[in-house]
Amino acid sequence: MSQIFLMGECMAELQEIEPGHLRQSFAGDFYNTAVYLKRAFAHIDTCLLTAVGNDKLSEAMLAHCAKEQLDCASVVRSPTRIPGLYWINTDAEGERTFTYWRENSAARQLMSLIDEVVRERLLHADWFFFSGISLAVLEPQDRPLFWALLADLKRAGVKIAFDPNYRARLWPDADTAKQNFEKAFGFCDLLLPGVDDFVQLYGLAEVNQIRALLSQFHIAEVVLKNGPAEICYIAGDALDIYPVTPASNVVDTTSAGDSFNGVFLGARMSGRSVATAIEWAARTAGLVIQHPGAIIPEQIFIDFWSGLTA
Ligand code: ADP
């Protein structure tokens, strides 16, 4: 069975569905990616690498992950901390704002909690996925441990996938984010950025400029996403363009990139061509944004997926 580890922070999500009434679920970019990967490709062992606490919310989170068939055997426990939380407020115009309580979350301590058993499992995986958010939330003094782990994984032949997913508020300044991302680019076999990452950090919006910037890192494959605009696939000197069919009824773009990443990774791990992987990933992201929330109802996904792959 092929196996992927996805590293990051899963949080409890609270959303006001009507004044005074909150709906609670779980989300986080790496978790969303894992859910869509596993829903679409049940045969792939999809393992989470994160830290939770010993509290009831952590138990509920793990139960939720198990319901999605995600492997939580390598999720570690912080003796002192609990999961992060965020609250989504939607105003009368439908504009969403997010309030976070994540500064002291268990996931931040991940690197200092990983033991030899977890390390061994990681070294035997086929793929390892992380994002700029996974990186940003690690305690800064623990990041050298992360880079050392990544180097070991690379040496062991584990393929590395990275999505910069730049969120300015998670970094002390843009230069620190850039330094960390460029380090990550150096390890990458597959880079899954959005054009927006390069606009915000480098002031680059043109594919050829982005390609020139990335050429120094010798990344085998880059899949460059750009909302409803075309997707660029860059491998060495080759550049292939894939059109996207804009969705007719965009409700909530949360998780567009995450669902894309999950399906793309799963399709490639299942031996599908780049063209098929991009088509399935883009069609899935196009569906996800027509529903509220990061994770769409399972039955809607199942019906869509069986139609897509029939
Ligand atoms: P992110 O969530 O990282 O910002 P993007 O907005 O670039 O990601 O979108 C990721 C993918 O989702 C796109 O490559 C595309 O396939 C799909 N997508 C995003 N917006 C739309 C849209 N309006 N219509 C159809 N597909 C979309």
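An oxygen atom of the ligand lies 2.8 Å from a polar backbone atom of glycine 227. This is a predicted model, in which local features need pLDDT of at least 70, side-chain atom pairs count only at pLDDT 80 or more, and totals for chains, interfaces and linings use all residues. Residues are numbered from 1 along each chain as its sequence is written, and side-chain values use heavy atoms, with hydrogens and water left out.

**Ligand contacts**
- A nitrogen atom of the ligand is 2.8 Å from a polar backbone atom of alanine 247.
- Glycine 257 has a backbone N or O atom 2.9 Å from an oxygen atom of the ligand.
- The ligand taken alone exposes 560 Å², of which the protein buries 81% (areas by the Shrake-Rupley method with a 1.4 Å probe).

**The shell around the ligand**
- There are 16 residues around the ligand, and Gly227, Ala247, Gly257, Ala285 and Ile289 come nearest (a residue is near if one of its heavy atoms lies within 4 Å).
- α10 (256-269) and α11 (274-288) each supply at least two residues of this shell (helices are DSSP runs of H or I with at least four residues, strands runs of E with at least two, numbered from the N terminus).
- The largest share, three residues, comes from α10.

**Glutamine 109**
- Glutamine 109 sits in the loop between β8 (96-101) and α3 (110-113).
- Glutamine 109 is buried, at a relative accessible area of 16% (buried means under 20%, with a 1.4 Å probe and protein chains only).
- Beyond its neighbours within four places in sequence, glutamine 109 is in contact with Ser78, Thr80, Arg81 and Glu139 (contact means heavy atoms within 4.5 Å).

Note on methods:
A polar contact is a pair of N or O atoms within 3.5 Å; within protein, one must be able to donate a hydrogen and the other to accept it, and residues adjacent in sequence count only if both atoms are side-chain atoms. Buried means under 20% relative accessible area, exposed over 50%, partly exposed in between (1.4 Å probe, protein chains only).
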